[in-house]
Amino acid sequence: MAQRVLLLTTPSSYRLPAFLEAGERLGIELLVAEDMPAALAGRAGLRIGLDFADEAGATRTLLTVAAEAPLAAVIAVDDSGSLLAARVSAALGLPHNRPEAAEAARDKYRMRQLFAQAGVPSPAFRLCSTDDDLAALATRIAYPCVVKPLRLNGSRGVIRADGPEGFVAAARRIARLLDRLEGPGPHQFLAEAFIPGFEVALEGLIDRGRLQVLALFDKPDPLDGPFFEETIYVTPSRLPPEVQQAIGEVAARAATAVGLERGPLHAELRVNEAGPWMVELAGRTIGGLCSRTLRFGTDASLEELILRQATGLPVESLSAAGSAGGVMMIPIPGPGVLRAVHGVAEARAVPGIESVEITAPLHYPLVPLPEGDAYLGFIFARGERPEQVEAALRASHDLLAFELMPEIPVLS
Ligand code: ADP
């Protein structure tokens, strides 16, 4: 009989389709639990809607589901499900990350504390609150600094400040964003030292506490703020082998410090003359549709490797399949309502381009960082060498034109 795996995700997840495809290829039956308000909760066949915030209730529901037919694994597709996955796995006696580790991988303050305790190179930090005397606090901070909410992702609310005025403005902006998302404050946030350097992203798989690096991406566009919009990722990395080795070692120490013991690892690091520094890690795969750039062994996807590991199937070859791959997360050109995207056919026709996908819906407002949380779209490229992939992505993006209309303010 087919093995059964429970995936925990959100209705808007970019990552789910790749897991569903991988499940199909491997003949694994996938149950999908989606995080939604209790009022919308329910079940239709293999799809279950439930409120992850009600942890005890959600755990009970999922244990009832597990009692119908045994589950081989519970996997959090997105950050939102990581704690619930740990709890349900623990209750079912399945191998899993400890709930405290899953929690620490989502909480930037806890993560910074654990990195510091373990001596993992990471920025100095200070926990702040939006109801602190911000002007007074601003005089005690070293600049440049980066201020950020504790539990958002995709660079949402992450702002560089170069002096006290910038700090106060950034803290107020975070307060407004969190008021809108979570209700009235006060809200905690972090102020940390800005780490100069260039940035890389690492994808790995952890097995019994040991990290296997699956891919290292270079991010060739500088990420120096004031906001940190991701653009191009290209793998394999063009960094010298010893630098890549050092990056893998710091990521492994960071994962150990947080307590991640199995499953996927996505890590972001910055590198400068002092070596690699941890910015952030998560016990899940890379964001957006970016995992599509990766192919392993005989054409397996990253999600296939994760499902294989979770169900005890042999993880065929972990080595990346030959060619270079890359993705551009298409930058949001500005605020406004997206009316039209021109040049998609031409952008697709650039040699080396595999696909151009506009994921933002037409006639809806585009919200740039630091408030926004959705991508405009993705361009995927493949080639023999990373520099060809990067050039193809840039050439393809140059052919796209975005028609925006200013948003008409709602009269109240
Ligand atoms: P998120 O989880 O929302 O992506 P991160 O903490 O990873 O938030 O920050 C997003 C991006 O902001 C990072 O990838 C990096 O480019 C930049 N960044 C964050 N913290 C720092 C820092 N201390 N120094 C330099 N850049 C930073």
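Begin by selecting Tyr14, Tyr375, Phe378 and Phe380, which ring pairs link into a cluster; rings of Phe, Tyr and Trp (its six-membered ring) pair if their centres lie within 6.5 Å. The model is predicted, so that local features need pLDDT of at least 70 and side-chain atom pairs count only at pLDDT 80 or more, while totals for chains, interfaces and linings use all residues. Residues are numbered from 1 along each chain as its sequence is written, and side-chain values use heavy atoms, with hydrogens and water left out.

A search of the whole structure finds 7 aromatic pairs. Select next phenylalanine 167 and phenylalanine 189, whose ring centres are 6.2 Å apart with planes at 40°, so the pair is tilted (planes under 30 degrees apart count as stacked, over 60 as edge-to-face and the rest as tilted). Both phenylalanine 167 and phenylalanine 189 are buried, that is, under 20% relative accessible area with a 1.4 Å probe and protein chains only.

Now move to the ligand and display the 20 residues around it, of which Lys108, Lys148, Ser155, Glu199 and Glu280 come nearest; a residue is near if one of its heavy atoms lies within 4 Å. This shell divides into 10 nonpolar, 3 polar and 7 charged residues, and it draws at least three residues from each of domain 2 (124–193) and domain 3 (197–282).

Finally, select glutamate 280, where a polar side-chain atom lies 2.4 Å from an oxygen atom of the ligand. Taken alone the ligand exposes 540 Å², of which the protein buries 97%, with accessible areas from the Shrake-Rupley method and a 1.4 Å probe.

Methods
A polar contact is a pair of N or O atoms within 3.5 Å; within protein, one must be able to donate a hydrogen and the other to accept it, and residues adjacent in sequence count only if both atoms are side-chain atoms. Ala, Val, Leu, Ile, Met, Phe, Trp, Tyr, Cys and Pro count as nonpolar, Asp, Glu, Lys and Arg as charged, and the others, Gly among them, as polar. Domain bounds come from an automatic or database domain assignment. Buried means under 20% relative accessible area, exposed over 50%, partly exposed in between (1.4 Å probe, protein chains only).
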